[in-house]
Amino acid sequence: MQIKRFLFCWAILLFGSTVVWSQREVTGMVSDNESKAPLQGVNITVKNSKVGTATDADGKFRLVLPSAAKTLVFSFSGFDTREVALEGGPDEFAVSLTRNVLALNEVIVAVAYGEQERKKITGSVGKVSGKQLENVPQVSVDQMLQGRVAGLQSVATSGQPGAAQQIRIRGIGSISASSAPLFVVDGMPVNTGDPSNLTNSSNLLATINPNDIESISVLKDASAASIYGSRAANGVIIITTKKGKAGKTKIRVDSEFGYSDIAYKPKMGEPLNREEVKELYTEGLVNAGFAQSDAEQILNDFFGYNTDANYNWLDLVTRKGQQQQINVSASGGDSKTQFFLSGGYFKQESPVIGSAIKRYTGNINLKHQLSKEFSTGINLAISSFKQRGETESANFRNPIIAATALLPTNEAYNTDGTPSYDPGTFGQIYNPLAISQYDKQNNQTSKLLGSVYLEYKMLDNLKLTSRFGVDYNNVEEYLYYNPYFGDARTLGGYSANSYNRLYNWVWTNLADYDFRLLDDQLDGTVTVGYEAQESRTYTQSGDGNVVPKNQGIVYPVPAVPTTANVTGSDYAFTSLLSRAQLNYLGKYSLSGSLRRDGSSRFGANNRYGTFWSVGAAWNIDEEGFMENQKIFSALKLRTSYGVNGNAGIGNYVWRSTFLFSTTYNGAPGSFQTSVGNNDLTWEQNKPFDVGIEMGVLKNRIMLEADYYIRKTENLLLNEPLSSTSGFLGYSNNVGAMENKGVELTLNANPVKTKNFNWTISINAAWNKNKVTRLREGAEEIIGNPFTLKVGEDVQSYFIREWAGADPANGDPLWYKDASKSETTNTYDEAGRTIVGSASPKGFGGFSTSLTYKFITLDAQLNYQYGNKIFSQWDFLFISDGAFLGLNHTKKALQRWQQAGDITDVPKFEYANATSSNNVS
């Protein structure tokens, strides 16, 4: 009996010890492999079971294991999932997770008024990470977006460093209003574009240091963008700056130095050298009836061939561009307070003389947990840049135009080495070297962008947020033309100053409610809010003639002031907004948004508008029938439709305006300058989108494809009035257009090892635009060189079509009509026809990155094709002899010379008046 009792007790002890052993407890901490910061909210589960937990604010966890536990699985949004074996391991773990740059299902994306998991998003959102921008040798974020996102076209309209880009998302959305997207920085809609008045091209976005950007989201369809209502018609670009993370303080210093050059000079666009000019001019004079000897004498007497001068002017006005930047940042904090501080310096000289930018930036982002319920934060960015530029576009002060037009025999320098500016030598064109040395065009732009917010966690699932932000910009410009030569020589010199202040504030109040129902099978978020915005512009300017002949005076006061102006302008928005998102079983998502906007920019009868969207997504890869397949690691289908608006017009277009710039009977007087329209309202955009996202090989290869139709109605066009009214017309909502197209994005990670990583990104877009309606009774509104015609692209060229040179005599030929069945050598007999469009048929980008340990090589290519480019200055440079005295390009060497020549360049003859160089 004693033996049995002993054995029984032993069994109990043995069983008890087994139970204790089976209830093993493990603890640990999970951190970011890159930043070493702790990760909050990491899911930790026992493999093949429902047992699990999540890390706390310090990245720590504690978990009691079942007896059969062999492996722990660590998963977190945007990071690679990691498995850790338990057998033979310690009871305390230190686990680090690696970021997955190509994660499709789990990555968090910044969207309108918040963030969402990618797999729950029902809209079309393109994302660019801050890492993709850090090492790009460009000034501003709008330049860096070129080729990064499918359907986004970013085109340089200026070569000035820091100049504004023209950005279009899914085509041109308007004829007379703006087609630019709305930019939102850290939740705040900001003023963008070119605020300059005197100088070439400034850019309010160039004040943002790209190194301070955490991510960029491009909202392209209704589901993603319509919650921004009256300003979402052309898409929304959300910029999120870097924030501090809890953990050890990280100090980062990076420096960059590089060169830039003109990548490609079209051979046919290069100016002629000394011998080529002599050949062409001699031939032109002989063709005009001069003897060979007389032609040579004319070249000696008037075109400098009695000297040894032989300059390549393009080489003189270009150089090796340089740039450098230094950025310093510090980030870190604890569970209550996180911070990010940064400072940056950027300098760039363009490959064209006299063109440069220098920028200084500072950034502070702070977040503090006041209590369990309240948290607050502040974002503050201060920046200033100075541009020096040369005249651009259609102007002989443009150094590239001047260098192409000047003859190689024009003397560039005086005997003392200074640039020559003798008007007798250069005629109507001035030496660009002297212009660059003696004239000034400077722009100083400063910006303060800041916001402060207070967040109240009323319940575990209810959060209230109030944010107030300010966007303050100062633009100071100075222009000086010397009194010795150039455009102001006959005026005794010229100087002008401009001060432009743009002040913008936004107040946003949001309530976010999260909920879970049906045993957590259904989850959702509801957001409601109120937003108000006001923007004011104030401008002072003045100019005058006759300046001191002393180059040492930095800001000469003109002896004869000519004008002094003070102007102001403002606009305001007030909005109610709401959004709801539902997700069922992690498979099905449904979203909707509704916004009511009021704007001062529209007529008293139509000041308020309602904008909405609906969207749906199906994560097919979560379905049971996909469990055993090994092809797709992600598969998602989504679609959306909605209505948004375009408020990108002048602030007072709807009003009858008056100008007080005259006198009447010795007293101040005014006169009406425009006819108002109290019914004027928003252009209305109705975008439909359907897209598919898929990942294979554990998301090592990801493909995204979209098809969209974007219809725009109530276009703002000019409605003509009888001339007896004293006005030509007024603005009215009368037109319509359509954009439709396809977008493709491919991201791949072909090689990923411990020391080597290779990523590839390719995107492409094809967009077709057409005007579907103009004002009543009009099928076409003819302009020059464009025309608006129902059924045609909004940027259609409507000009005479060139047919080349007559092989018999070298006369210019044009087609008489679009059939191209008959030609004429008389310009006025040729009919104008649509010959193409300035809109590309397709565009996109390719980028790749190879990293070996700490060395990275990046490359990016942008492309577009299928569009026509109007060469405005070829009326001089490929003329038939109408402008002897100016240089020509090498294309002119292909001119007709004898009967039977087949060429598209006509006979070259001095003082030719055949109109071959007219627009065609």
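Buried means under 20% relative accessible area, exposed means over 50%, and partly exposed is in between, with a 1.4 Å probe and protein chains only. This is a predicted model, in which local features need pLDDT of at least 70, side-chain atom pairs count only at pLDDT 80 or more, and totals for chains, interfaces and linings use all residues. Residues are numbered from 1 along each chain as its sequence is written, and side-chain values use heavy atoms, with hydrogens and water left out.

**Aromatic pairs**

Rings of Phe, Tyr and Trp (its six-membered ring) pair if their centres lie within 6.5 Å; planes under 30 degrees apart count as stacked, over 60 as edge-to-face and the rest as tilted. By this rule the count comes to 31 aromatic pairs.

Select Y281 and F303. Their ring centres are 5.2 Å apart and the planes stand at 80 degrees, so the pair is edge-to-face. Y281 lies in helix α5 (residues 274–287) and F303 in the loop between α6 (292–302) and α7 (313–317), so the pair ties together parts that are 22 residues apart in sequence. Helices (H or I, at least four residues) and strands (E, at least two) are DSSP runs, numbered from the N terminus. Y281 is buried at a relative accessible area of 1%, and F303 is buried at 13%.

Next, select Y472 and Y503. The ring centres of Y472 and Y503 lie 6.1 Å apart with planes at 65 degrees, so this pair is edge-to-face. Y472 is in strand β23 (residues 462–481) and Y503 in strand β24 (residues 494–517), and the pair links distant parts of the chain, 31 residues apart. Y472 counts as partly exposed at 29% relative accessibility; Y503 is partly exposed, with a relative accessible area of 29%.

For a group of rings, select Y421, Y430, Y438, Y484 and F485, which form one aromatic cluster.

**Charges over rings**

A charge sits over a ring if NZ of Lys or CZ of Arg is within 6 Å of the ring centre and within 35 degrees of the ring normal. Select R359 with F346: R359 lies over the face of F346, 5.1 Å from the ring centre. Then select R397 with Y481, where the charged end of R397 sits over the ring, 3.7 Å from its centre.

**Helices α5 and α6**

Go back to α5 and show α6 with it. Their axes come within 9 Å and cross at roughly 130 degrees. Axes here are lines fitted to C-alpha atoms, for helices over the stretch in contact, and angles run from 0 to 180 degrees between N-to-C directions.

**Loop residues**

Select N410, in the loop between α8 (399–405) and α9 (423–426). N410 is buried, with a relative accessible area of 11%. A polar atom of its side chain lies 2.8 Å from the backbone nitrogen of L407.

Move to N699, in the loop between β32 (683–696) and β33 (701–720). Its phi is near 65 degrees, a positive value in a residue other than glycine, and N699 is buried at 11% relative accessible area.

K853 is in the loop between β43 (842–852) and β44 (855–865). K853 is not a glycine, yet has a positive phi of about 55 degrees; at 49% relative accessibility it counts as partly exposed.

Finish at P785, in the loop between β36 (780–782) and β37 (786–789). A cis peptide bond joins N784 and P785, with omega about 10 degrees.

Key: Polar contact = N/O pair within 3.5 Å; in protein donor to acceptor, adjacent residues only side chain to side chain.
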